[in-house]
Amino acid sequence: MDKAKRASDTPIAVEVEAGKAYFWCACGLSQVQPFCDGSHQDTGYSPLRYDANESGKVFFCGCKASSNAPLCDGSHNN
C-alpha cells in the first residue's frame, strides 16, 4: 500500500480521558475511525499511539495527511 486511504474529509472529534492511550489508524482502512481495528495488516502501516495528557475534546486527523498526526492540522482542506 503506497498511500494511506483518506477516511474522512473532516477531522474526527473524540472526547479523550486523561492518562488513557489511544491508537490512531494511520492506514485509513479501519472500520472504527479514527482508531485502529487491525486492518493495517500487510499494508506497511502501523497505528500511532496518542497519550491523552488531559481529558477533553481532541480532533484526530481523518484525511491521513496531517503533518501533526494523529491530530488534525487542516491538511484536509488541501
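Two residues are in contact when heavy atoms of the two lie within 4.5 Å. By that rule, among contacts in the protein chain between residues at least 6 apart in sequence, 56% join residues at least 24 apart. The model is predicted. Its protein chain has 4 strands and 0 helices. The radius of gyration is 12 Å, which agrees with the value near 12 Å for a compact globule of 78 residues.

**Overall build**

- The order of elements from the N terminus is β-β-β-β.
- The C-alpha trace spans about 35 × 30 × 20 Å along the principal axes of the protein chain.
- Of the 78 residues in the protein chain, 35% are buried.
- The accessible surface of the protein chain is about 4700 Å². Carbon and sulfur atoms account for 44% of that surface.
- The protein chain carries 7 positive and 9 negative side chains. The centres of these two sets are 4 Å apart.

**Nonpolar core**

- In soluble globular proteins, nonpolar side chains tend to be buried together.
- The largest nonpolar core here has 12 residues. Its members are I12, V14, V16, Y22, W24, A26, Y50, A52, V58, F60, C61 and C63.
- Strand 1 (12-16), strand 2 (21-24) and strand 4 (56-60) each give two or more residues to this core.
- Strand 1 supplies the largest share, 3 residues.
- F60 is one of the core residues. Leaving out residues up to four places away in sequence, F60 touches P11, I12, V14, V16, Y22, W24, P34, F35, Y50, P70, L71 and C72.
- Several of these partners are themselves in the core, among them I12, V14, V16, Y22, W24 and Y50.

**Cis peptide bonds**

- The bond from Q33 to P34 is cis, with omega near 10°. P34 sits in the loop between strand 2 and strand 3 (48-51).
- The bond from A69 to P70 is also cis, with omega near 15°. P70 belongs to the segment after strand 4.
- Both P34 and P70 are among the residues that F60 touches.

**Positive phi outside glycine**

- D42 has phi near 65°, a positive value in a residue other than glycine. D42 lies in the loop between strand 2 and strand 3.
- D42 has a relative accessibility of 84%, and exposed means over 50%, so D42 counts as exposed.
- The C-alpha atoms of D42 and M1 are separated by 8.4 Å, although the two residues are 41 apart along the chain.
- K64 is not a glycine either, and has a positive phi of about 70°. K64 is placed in the segment after strand 4.
- K64 has a relative accessibility of 13%, and buried means under 20%, so K64 counts as buried.

**K5, before strand 1**

- K5 is located in the segment before strand 1.
- The relative accessible area of K5 is 46%, which makes this residue partly exposed.
- Setting aside residues up to four places away in sequence, K5 touches C27, G28, L29 and K64.
- K5 and C63 are 58 residues apart in sequence, but 7.7 Å apart in space, C-alpha to C-alpha. C63 belongs to the largest nonpolar core.

**D51, in strand 3**

- D51 is part of strand 3.
- D51 is partly exposed, with a relative accessible area of 39%.
- Beyond its neighbours within four places in sequence, D51 is in contact with K20 and A21.
- D51 and P70 are 19 residues apart in sequence and 11 Å apart in space, C-alpha to C-alpha.

Terms used: Residues are numbered from 1 along each chain as its sequence is written. This is a predicted model: local features need pLDDT of at least 70, side-chain atom pairs count only at pLDDT 80 or more; totals for chains, interfaces and linings use all residues. Side-chain values use heavy atoms; hydrogens and water are left out. The radius of gyration is taken over C-alpha atoms; the globule rule is 2.2 Å times the number of residues to the power 0.38. Buried means under 20% relative accessible area, exposed over 50%, partly exposed in between (1.4 Å probe, protein chains only). Accessible areas come from the Shrake-Rupley method with a 1.4 Å probe; for residues, only the protein chains shown count as cover. Lys and Arg count as positive and Asp and Glu as negative; His and the chain ends are not counted. The place of a charge is taken as NZ of Lys, CZ of Arg, CG of Asp or CD of Glu. A nonpolar core is a set of buried Ala, Val, Leu, Ile, Met, Phe, Trp, Tyr and Cys residues joined through side-chain atoms within 4.5 Å.
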